[in-house]
Amino acid sequence: MVTEVYLNDTPISITKYEEKSVNNLIQISVEFLVTSDDYHDITTLLYRNTFHVKIPERNITFHGVINNYSTSLTNLYKENQVSTFSLQIIEQLK
């Protein structure tokens, strides 16, 4: 099972991982937990929208773009909150 992905060299511990091919492009769907302490850093990273994706456990690297994104909570500025982030990234050809 894949437990970590890297987005622009930022490691993210994940709780769910799915991978498939869409029109011969890699698409991954991941879920991960974000605490109120990490919220700002993670959302700042995700606002970039395009990433160098690395999945060491699958020996996969690609450039990708967010295809879908959601959170279970929208206000993580309150202390001691945890949200599940769902993120789908699809490979983008240069």
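Student: I'm new here, so let me start with serine 83: does it count as buried or exposed?
Tutor: Good place to start! This is a predicted model, where local features need pLDDT of at least 70 and side-chain atom pairs count only at pLDDT 80 or more, while totals for chains, interfaces and linings use all residues. Residues are numbered from 1 along each chain as its sequence is written, and side-chain values use heavy atoms, with hydrogens and water left out. Buried means under 20% relative accessible area, exposed over 50% and partly exposed in between (1.4 Å probe, protein chains only), so at 1% relative accessibility serine 83 is buried.

Student: Which side chain does the side chain of serine 83 join in a polar contact?
Tutor: A polar contact is a pair of N or O atoms within 3.5 Å; within protein, one must be able to donate a hydrogen and the other to accept it, and residues adjacent in sequence count only if both atoms are side-chain atoms. At 3.2 Å, the partner of its side chain is serine 72.

Student: Which phenylalanine is in contact with serine 83?
Tutor: Contact means heavy atoms within 4.5 Å. Leaving aside neighbours within four places in sequence, the residues touching serine 83 include Thr71, Leu73 and Phe32.

Student: How many aromatic pairs does a search of the whole structure find?
Tutor: Rings of Phe, Tyr and Trp (its six-membered ring) pair if their centres lie within 6.5 Å; planes under 30 degrees apart are stacked, over 60 edge-to-face and the rest tilted. With that rule, the search finds 2.

Student: How many residues apart are phenylalanine 32 and phenylalanine 85?
Tutor: These two form a tilted aromatic pair, 5.6 Å centre to centre with 40° between the planes. Phenylalanine 32 belongs to strand 4 (residues 25-35) and phenylalanine 85 to strand 7 (residues 82-91), so the pair links distant parts of the chain. Phenylalanine 32 is buried at 1% relative accessible area, and phenylalanine 85 is buried at 0%.

Student: Which residue joins Phe32 and Phe85 in one aromatic cluster?
Tutor: Phe32 and Phe85 form an aromatic pair. The cluster they belong to also holds Tyr69.

Student: What pattern does the chain follow along its sequence?
Tutor: Its secondary structure comes to 1 helix and 7 strands. Read along the sequence, the pattern is β-β-β-β-α-β-β-β.

Key:
Helix = DSSP H or I, 4+ residues; strand = E, 2+ residues; numbered from the N terminus.
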